[in-house]
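Please read them with the structure open beside you.

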Amino acid sequence: MANPIIRLEAVDKEYGKGKNTVAALKSINLEIFPGEFVAVVGPSGCGKSTLLHVMAGLEQPSSGRILLDGVDVTLISERDLPKVRAQKIGFVFQAFLLIEDLTALENVESVLWPVEGLTWEKKEEMALEVLREVDMLERRDHFPRQMSGGEQQRVAIARALVNNPPILFCDEPTGNLDSKTGETIMDLIAELNKEREMTVVLVTHNEDLTKYVQRIFRMRDGRIVGEE
Ligand SMILES: Nc1ncnc2c1ncn2[C@@H]1O[C@H](COP(=O)(O)OP(=O)(O)O)[C@@H](O)[C@H]1O
Ligand SMILES: [Mg+2]
């Protein structure tokens with residue numbers, strides 16, 4: 001079998017201090033393999049977002065190791081972390097998190113603005129290419145407020161893809177959408193998993209979304225309690 005693209009070893013995450021400590025993650029061990037589409041499913045507050053944040057290097061765990069593509073993200077300096085994140089991962093959030101005063105095209109392109117060694121034209125070409133992939137090319141000059149929730153999420157997905165990362169993390173990507181629109185977004189994510197052979201990790205409380213994935217981890221109270 002291939003090496004895992006994501007590997008967590010004895011990961012703990014605590015918030016707060018003393019008697020206010022919340023143990024959000026408790027000795028998490030898991031492996032995800034290249035090209036897999038997996039879901040972590042559990043009730044609100046069980047630690048799903050925390051898990052995704054530590055996997056993505058957005059937050060440091062309290063203890064344990066996290067290997068992304070063989071690189072231990074817990075050992076990377078604060079300064080180098082954004083670069084590693086940009087190369088390895090795309091992140092899609094429930095609330096889309098587009099920048100309100102940028103157009104669809106600019107939102108996608110903004111990821112490439114700090115990248116050195118690419119011309120302005122090349123960056124625009126790359127952004128247009130991913131907007132085409134999510135079927136939002138015609139809306140490139142629209143601002144977030146001029147788009148529906150589903151359209152905004154498509155743009156947010158394009159933004160997550162423009163660096164060509166091997167891994168896509170999705171935190172309740174359909175949570176702010178009606179069920180019909182949510183299905184079209186899940187179809188798009190499933191297509192990216194298939195066509196681009198991207199590794200996709202989805203976290204959700206929504207059991208309906210498990211039909212899209214190949215493997216399901218059940219989470220309760222900071223622990224992985226089962227795998228299907
Ligand atoms: N920044 C934070 N500070 C303190 N507690 C937090 C913080 N983020 C999350 N928590 C707590 O950690 C637990 C897991 O939260 P979270 O990962 O957001 O769960 P989920 O995404 O499954 O709803 C909850 O008890 C939550 O209140
Ligand atoms: Mg959450």
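1. A backbone N or O atom of G47 sits 3.1 Å from an oxygen atom of ligand 1. Keep in mind that this is a predicted model.

2. For K48, the side chain takes part: one of its N or O atoms is 2.8 Å from an oxygen of the ligand.

3. The residues around ligand 1 include the run P43, S44, G45, C46, G47, K48, S49 and T50. Y15, V22 and A24 also surround ligand 1.

4. Next, a pair of helices. Helix α5 covers residues 149–161 and helix α6 covers residues 179–195; their axes are 10 Å apart and meet at an angle of about 20°. Because angles under 35 degrees count as roughly parallel, α5 is roughly parallel to α6. The crossing of α5 and α6 is right-handed.

5. Which residues meet where α5 and α6 touch? From α5 come G150, Q153, R154, I157 and L161, and from α6 come T181, T184, I185, L188, I189 and L192. By class, this contact has 6 nonpolar, 4 polar and 1 charged residues.

Notes
Residues are numbered from 1 along each chain as its sequence is written. Chains are lettered from A and ligands numbered from 1 in the order in which they are written. This is a predicted model: local features need pLDDT of at least 70, side-chain atom pairs count only at pLDDT 80 or more; totals for chains, interfaces and linings use all residues. Side-chain values use heavy atoms; hydrogens and water are left out. Axes are lines fitted to C-alpha atoms, for helices over the stretch in contact, and angles run from 0 to 180 degrees between N-to-C directions. Helices (H or I, at least four residues) and strands (E, at least two) are DSSP runs, numbered from the N terminus. Angles under 35 degrees count as roughly parallel, over 145 as roughly antiparallel, 65 to 115 as roughly perpendicular and the rest as oblique. A crossing is left-handed if the near helix is turned anticlockwise from the far one by less than a right angle, and right-handed if clockwise. Contact means heavy atoms within 4.5 Å. Ala, Val, Leu, Ile, Met, Phe, Trp, Tyr, Cys and Pro count as nonpolar, Asp, Glu, Lys and Arg as charged, and the others, Gly among them, as polar. A residue is near a molecule or strand if one of its heavy atoms lies within 4 Å of it. A polar contact is a pair of N or O atoms within 3.5 Å; within protein, one must be able to donate a hydrogen and the other to accept it, and residues adjacent in sequence count only if both atoms are side-chain atoms.
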